[in-house]
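Please read the following account with the sequence and the model side by side. It goes from the whole chain to single elements and ends at one residue.

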Amino acid sequence: MRIRPRASLGRILDDLGTTVLDVAASPGDLDAEVTGVHIYDPLDELIVPEGAMVLAVGVQGAADVCALLARVPHAAGVVVKLPVDVDERVRAAVLETGVAVLGLTRAASWAQVAALVRSLLAEGDLAEPGEGAHGDLFALANAVCALLDAPVTIEDRSSRVLAFSGRQEEADQGRVETVLGRQVPERYLRLLDEQGAFKRLYQNREPVYIELHDGSVINRVAVAVRAGDEILGSIWAAVHEPLTPQRQRALADAAKVVALRLLHERAGADTQRRLRADLLSTVLAGGADAAEAAGRLGIATARLCVLAAELTGPPGDTARTSGHASDRASDRASDRASDRLSDHLADYAADHARSESERQRFCDALALHVAAIHPKAAAALAGSVAYAVLPLTPGGGEEERAVRVAESFLARVGPRHAANVGVGRLALNLAQVARSRADADRALRVLRTRGAVGQAAGYTAVHFESLLLQVADVAAAEEQAPTGPYQRLLEHDAEHGTELAATLGAYLDAFGDVNLAAARVHVHPNTFRYRLKRLTEIGGLDLSDPDARLTVQLQMRIFGRQH
């Protein structure tokens, strides 16, 4: 198995080039390992993990840069918007802390550079300088750049940038925007589509020369990346004139190598996903193999919280399928019963496949989100629940921080996925991971019981509700039933069609405020007082006794209210 190069600061800079980042002050070599991206906020507590790349939003001037360097001595680098004010104080601070200061181009937003670096770290596509063409896509892009003497991007069918070469600063503004956003801008897509560029590209197996006709002196040459008749993506080079025949052949040959790489990655994606799911399941279950599995995931020594996420929407078209089932049940006597049953099974299989695919996409979104928070985070699907383990740096309030991560995830996926997330307590070691997973499951169950949608809850916040659900489980397993006053009220309601139990519940919910309770059950206060008097007589309940009130309230929560 190929070992990917370490995500050092130098390799990130080699991949991004001066289009995005440049070195303003360096302690010497740039081999510090980058473990993640941290956005600096002067209003928040500054907790920066070792190896983080700190995006210094709003930091200007040498004094501010020096102050920030002193606060993040374990960071890999600090990024400041150009122009960077570098004086002798900054250079001395860089040498003392060993933290490099980088300058970010004014054309890039902080969100763009954060997404760009995080995607590089998540993909592991950091090019080793001088690595051959059989390395990752970034190395392939650099190799094609050298062959064509032109900056190159490798894109998928949706014009999303999969990799890019160095020397992008030699291209035009459109290419700079493409690299920064990892997506060809919409106006250029419209321009290319109006010129018929994509039609020409996908109809030809040889490179095509494309004049942009937008006033730019730099045009494009592109070739489709194919696997048989399937279009996998394309390679684009920014050029001033058409390629020579030799370079055209080199680009066509490069497309074949890129196709093999893309097919290899696609084939390995499912295998890698299953492997991570198995490892994560082993960690969550605990036991003798948990330590080895955690080591392979890179979280063996981490302090972490477990997140349990579940879609709340109906899986597939369940209502439609159930309706078909009842219709066909009434037609079983017909001669076409077997055909209808076959249709039902086919519908069920299709719905099940759609539901499984939806859950997997949801889990993939969770995995991407937590990986952007911490590079060692992992997520996998177990049944209908997507679990994630999120390593957290020390500093207190870990569970609350994990809940905020869950809330930000729900906000991101909300338009596409209605879901809830339960968060377990902090696990200080591997022995406590199974407990954190159980906590997350219980918090998720509380949200499910509430009928919540799009909410996240930490176990600590819903602890008592979770305990009541566990007591209800024990009562149900042992076939226990209500006793005492609550039992008598339920029996009277069932026998006479009254609503005394509902009246009692409304009274207790309103803390004894008769007017408020009467309004909630839509009766006159005098009528409510009469019912209250009757239920105390029939149930033998003393509402002035706090223990009696607590007992009946707990029974209502454990056994449920019957109206």
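This is a predicted model: local features need pLDDT of at least 70, side-chain atom pairs count only at pLDDT 80 or more; totals for chains, interfaces and linings use all residues.

Residues are numbered from 1 along each chain as its sequence is written, and side-chain values use heavy atoms, with hydrogens and water left out.

The pLDDT is the predictor's confidence in each residue, on a scale from 0 to 100. Its mean over the protein chain is 81, and 85% of the residues reach 70 or more. Residues 124-135 have pLDDT below 50, yet beyond near neighbours in sequence this stretch has 36 contacts in the model, a contact being heavy atoms within 4.5 Å. Residues 315-335 also have pLDDT below 50, with 22 contacts beyond near neighbours in sequence.

The protein chain holds 20 helices and 15 strands; these are DSSP runs numbered from the N terminus, helices being H or I with at least four residues and strands E with at least two. Of its 563 residues, 45% count as buried, where buried means under 20% relative accessible area, exposed over 50% and partly exposed in between (1.4 Å probe, protein chains only). Among contacts with a separation of 6 or more, 58% are between residues 24 or more positions apart.

An open sheet of five strands runs in the order E1-E5-E4-E3-E2, with mixed pairing; two strands pair if DSSP finds at least two bridges between them. Strands E1 (21-25) and E2 (36-39) are at the edges and have a single partner strand each, so one side of each lacks a neighbour in the sheet. From one strand to the next the twist averages 30°. Within this sheet, E3 (residues 52-55) and E4 (residues 77-81) pair in the parallel sense over three bridges, and Met53 stands opposite Gly77 in E4.

Strand E6 (residues 152-156) is mostly covered, with five of its five residues buried. Val152, Ile154 and Asp156 point one way from E6, while Thr153 and Glu155 point the other way. Four residues lie between the strands in the hairpin of E6 and E7, where Ser159 takes a positive phi near 65°.

Two packed helices are described by the angle between their axes and the distance between the axes. For H14 (residues 433-450) and H15 (residues 463-477), the angle is about 85° and the axes are 9 Å apart. H14 is therefore roughly perpendicular to H15, a label for angles of 65 to 115 degrees, with under 35 roughly parallel, over 145 roughly antiparallel and the rest oblique. Arg442, Arg445, Val446, Thr449 and Arg450 in H14 meet Glu465, Ser466, Leu469, Gln470 and Asp473 in H15. By class, this contact has two nonpolar, three polar and five charged residues.

Glu499 is in the loop between helix H16 (484-496) and helix H17 (500-509). Why does Glu499 count as partly exposed? Its relative accessibility is 46%. Leaving aside neighbours within four places in sequence, Glu499 is in contact with Asp493 and Arg531. The C-alpha atoms of Glu499 and Leu535 are separated by 9.4 Å, at 36 residues apart along the chain.

Terms used: Axes are lines fitted to C-alpha atoms, for helices over the stretch in contact, and angles run from 0 to 180 degrees between N-to-C directions. Ala, Val, Leu, Ile, Met, Phe, Trp, Tyr, Cys and Pro count as nonpolar, Asp, Glu, Lys and Arg as charged, and the others, Gly among them, as polar.
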